[in-house]
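User: I'm new to this one. Could you take a close look at the part around the ligand and walk me through it?

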Amino acid sequence: MPDPNSTDRTGVSALHRPTPVDRFIAHRPNGGTEPLITVTDLVRNYPRPRTSLLKRAEVVRALRGVSLEVRPGERFGIVGESGCGKSTLLRIIAALDRATSGQVVVDGTDITRLPERRLRFLRENLQLVFQDPMSSLDPRMRVRDIIAEPLVVQGHPASGQRVRELLDAVGLSADAGDRYPHQFSGGQRQRISIARALAPNPKILVADEPVSALDVSVRAQVLNLISDLVDELNLTLVFVSHDLSVVRHVCDRVAVMHAGEIVETGTTGEVYAAPRHRYTRRLVSAIPTLPKALAGATTADLLTTPDPPKGAPA
Ligand SMILES: Nc1ncnc2c1ncn2[C@@H]1O[C@H](COP(=O)(O)OP(=O)(O)OP(=O)(O)O)[C@@H](O)[C@H]1O
Ligand SMILES: [Mg+2]
């Protein structure tokens with residue numbers, strides 16, 4: 001039985017088939033360097049529950065005018081503390097929530113006010129991976145049906161061969177398809193979520209804290225898997241984390257969010273080495289354990305080895 005956490009894969013190239021978006025990008029006059037996602041001045045206010053009939057309803061200002069661009073093939077990170085609006089931003093980019101104002105253009109189409117029936121191109125080309133695979137995978141379905149479901153929903157044939165290719169690509173053996181989500185470890189369940197997200201052959205993978213719920217020693221393996229798949233399948237990645245060292249490992253560029261706003265954007269190397277904003281400096285100074293896990297430390301090592309002093313190289 002192959003090691004289920006191994007990233008040694010053979011089926012990746014078989015996964016990629018040209019899509020209409022490939023052809024679209026190939027024929028762009030500038031060779032596909034125009035942004036694939038453009039977010040302009042995005043605002044999202046949520047009503048706060050009323051505490052008194054006499055008081056006016058207040059709002060939570062989850063996004064306060066966010067603008068960003070993601071270019072084709074880029075690995076774009078969004079980092080910031082809990083509640084700063086990261087998931088809200090992703091949900092609006094994926095058209096799972098609507099903006100109060102502002103605009104989101106994906107692949108040349110303004111999706112901000114498009115009705116659901118005209119969002120098919122987005123549903124096929126943009127797929128999401130969430131933080132907690134246990135709640136995002138239906139416990140009553142076998143893994144092969146979970147992986148095939150996005151294909152079936154979109155009216156595509158879902159062959160056993162395709163499911164085996166996807167399982168292979170995420171480092172799981174073909175017999176994993178016969179089992180149920182609760183029969184896997186957290187890291188393996190996240191591999192299943194990734195296989196499911198790749199099933200419709202998307203161009204854009206959006207990952208919302210995909211490793212935060214995982215044991216720290218498994219995090220590195222799942223991050224490496226995402227990174228390899230993004231490279232080999234030529235995906236554009238939007239990756240959210242509250243941990244800058246995780247984003248640094250996976251992304252080329254990063255936007256730092258604070259209280260519904262982007263306070264700093266740059267290459268991950270620049271932002272990590274020379275943070276300009278006070279809030280980013282705070283993020284950088286919180287040295288997490290991930291670099292050690294990436295260097296091969298086991299959970300036991302991480303629990304017994306003290307963290308290096310602040311400011312020391314990781
Ligand atoms: N559907 C909703 N209704 C009301 N308020 C919401 C809703 N969704 C998010 N919020 C509020 O918007 C703000 C931003 O939430 P969001 O989930 O985007 O943060 P986040 O950065 O993803 O946090 P975390 O790191 O904890 O996942 C929070 O104050 C949250 O309580
Ligand atoms: Mg979130």
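Analyst: Here's a walk from the ligand's surroundings out to the sheet beside them, with a helix pair to finish. Keep in mind that this is a predicted model.

Let's start with the shell. Ligand 1 has Tyr46, Val60, Ala62, Gly80, Ser82, Gly83, Cys84, Gly85, Lys86, Ser87, Thr88 and His242 around it. Two elements, β2 (59–70) and α3 (86–93), each give two or more residues to that shell. The largest share, 3 residues, belongs to α3. Sorted by class, the shell around ligand 1 has 7 polar residues, 4 nonpolar ones and 1 charged one.

Now for the sheet. β2 is part of an open sheet of 4 strands, which runs β2-β1-β4-β5 with antiparallel pairing. Both β2 and β5 (109–110) sit at the edges with a single partner strand each, so one side of each has no neighbour in the sheet. At the β5 end, β4 (residues 101–106) pairs with β5 over 2 bridges, in the antiparallel sense. There, valine 106 has threonine 109 of β5 as its bridge partner.

So where does α3 go? It lies across β1 (37–47), β2 and β4, at about 120° to β1.

Elsewhere, helices α8 (residues 186–198) and α9 (residues 216–232) pack with their axes 10 Å apart and an angle of about 15°. That makes them roughly parallel to each other, since angles under 35 degrees count that way. Residues making the contact include Ile194 and Leu198 of α8, along with Leu225 and Leu229 of α9. By class, this contact has 7 nonpolar, 4 polar and 1 charged residues.

Note on methods:
Residues are numbered from 1 along each chain as its sequence is written. Chains are lettered from A and ligands numbered from 1 in the order in which they are written. This is a predicted model: local features need pLDDT of at least 70, side-chain atom pairs count only at pLDDT 80 or more; totals for chains, interfaces and linings use all residues. A residue is near a molecule or strand if its C-beta atom, placed from the backbone, lies within 6 Å of it. Ala, Val, Leu, Ile, Met, Phe, Trp, Tyr, Cys and Pro count as nonpolar, Asp, Glu, Lys and Arg as charged, and the others, Gly among them, as polar. Two strands pair if DSSP finds at least two bridges between them. Two residues are in contact if their C-beta atoms, placed from the backbone, lie within 7 Å. Axes are lines fitted to C-alpha atoms, for helices over the stretch in contact, and angles run from 0 to 180 degrees between N-to-C directions. Angles under 35 degrees count as roughly parallel, over 145 as roughly antiparallel, 65 to 115 as roughly perpendicular and the rest as oblique.
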